[in-house]
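I opened the notebook to log what I looked up in this structure.

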Amino acid sequence: MYFDHSATTKTDERVLRTFMEVSTTYFANPASLHAAGKLAEKLLEKARLQVLSTLGLELTEGVFTSGGTEANNLAILGYVYANQQKGRHLITTVIEHPSVLRVFQFLETQNFTVDYLTVDCEGRISLDELKTLLRRDTLLVSIMHVNNEIGTIQPIAECANIIHSQSRAVFHSDCVQSFGKIHIGDAQNSPDLVTLSGHKIYGIKGSGFLAYRKKMRLQAISYGGGQERNLRNGTVSVPHAAALAKAARLQVEETDIQQFQQWRGELVRFFSDIEDCLVLASHTSAPYIVSVAFRHVTGEVVVNYLQERGIYVSTSSACSSKKNDVSHVIEAIRLPKDFEKGVIRISFGKDQTTDEIHRLKEAVNQFMQLLKRGIRK
């Protein structure tokens with residue numbers, strides 16, 4: 001029973017078939033001038049337009065990348081380097097994914113000024129603080145849509161409206177955890193740059209996408225033959241692009257958010273009734289993520305207990321689950337000390353069943369009984 005879809009998803013067989021078909025039929029380099037290369041290039045551009053169309057935003061340009069990390073790096077560094085004459089002030093949040101947070105920390109060493117939006121106990125930013133921090137020389141604001149550890153949804157449309165009406169800054173959003181499941185703003189109020197990842201939506205690992213507005217100036221952060229609009233150098237993998245487009249279309253068409261909401265509501269009520277448990281971001285989380293903290297027990301203990309019973313959950317994030325320190329997100333929401341090391345994350349996927357939800361609840365009840373008897377497995 002797999003409850004770790006926010007870490008990665010199993011590749012959909014239909015996506016895998018697309019990948020294999022394109023690998024064998026459209027194998028030519030899309031930069032080649034011969035007929036086979038032209039066919040590959042045509043398929044590449046079709047895939048690009050399909051990914052952009054699934055966003056439902058007025059973002060008309062896009063670059064295929066190796067994943068969300070590269071897309072985030074290209075969005076931030078690519079825009080900042082190409083436009084630094086406009087200003088050297090940047091804004092992000094304290095709970096961003098490391099592929100965003102560490103880029104801003106690096107830019108601070110390059111004489112850029114960075115302000116970090118704080119969050120409340122639910123992990124939500126303050127729009128008033130955003131208004132206060134915006135300056136005439138603010139160049140870029142980066143705010144993730146759905147937090148990867150506790151699932152908090154940020155008010156992206158409201159952020160876009162504030163940023164665009166009160167500054168000249170552009171707005172980037174890491175939408176890796178939300179794409180295809182929650183609307184990313186609207187046509188009038190949306191980010192200017194959006195990053196996606198294939199393996200979060202039943203696609204192929206090693207595929208990602210950066211969507212951005214027409215005529216936006218970006219600079220490459222790697223150097224080579226000038227592929228992908230001179231922004232992402234190296235021979236383009238048409239199979240990865242086509243597979244990502246297929247995964248994006250299926251994700252938008254087949255995601256059952258109402259079922260996720262029902263399961264999440266059931267689990268929130270269940271954990272809320274357990275003594276020594278706290279549900280994190282209980283009112284602001286995405287419907288497919290349930291983050292829970294246990295008192296006086298580590299998340300690893302809970303994960304291992306459930307794993308022995310064939311149930312896979314994670315500690316707060318796959319990107320920090322092998323570290324002993326409390327994650328920066330848990331620190332930011334100021335979780336009580338006796339809970340902060342006991343966080344687990346449960347995340348649903350399209351193949352989940354109601355029976356699995358019930359078996360998860362049974363296993364947690366058994367675990368809590370062991371804790372009451374003073375047993376720490």
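**Entry: Ser 165**

I looked up Ser 165 and found it exposed, at a relative accessible area of 53%. My cut-offs: buried is under 20% relative accessible area, exposed is over 50%, and partly exposed is in between, with a 1.4 Å probe and protein chains only. Ser 165 sits in helix 6, residues 156-166. Helices here are DSSP runs of H or I with at least four residues, strands are E runs of at least two, and both are numbered from the N terminus.

One of its polar atoms is 2.6 Å from the backbone oxygen of Asn 161. The backbone oxygen of Ile 162 is 3.4 Å from a polar atom of that side chain. A polar contact here is a pair of N or O atoms within 3.5 Å; within protein, one must be able to donate a hydrogen and the other to accept it, and residues adjacent in sequence count only if both atoms are side-chain atoms.

**Entry: ground rules**

I noted that this is a predicted model: local features need pLDDT of at least 70, side-chain atom pairs count only at pLDDT 80 or more, and totals for chains, interfaces and linings use all residues. Residues are numbered from 1 along each chain as its sequence is written, and side-chain values use heavy atoms, with hydrogens and water left out.

**Entry: Asn 233**

Is Asn 233 buried or exposed? I found it buried, because its relative accessible area is 16%. Asn 233 lies in the loop between helix 7 (227-231) and helix 8 (238-254). Its side chain reaches the backbone nitrogen of Gly 225 at 3.4 Å. A polar atom of the Asn 233 side chain is also 2.6 Å from the backbone nitrogen of Gly 226. Leaving out residues up to four places away in sequence, I listed what Asn 233 touches, including Ala 220, Ser 222, Tyr 223 and Gln 227. Contact means heavy atoms within 4.5 Å.

**Entry: whole chain**

I counted twelve helices and eleven strands in the chain. Buried residues are 58% of the 377. The C-alpha atoms fill a box of roughly 70 × 50 × 35 Å along the principal axes. I also checked contacts between residues at least 6 apart in sequence: 74% of them join residues at least 24 apart.
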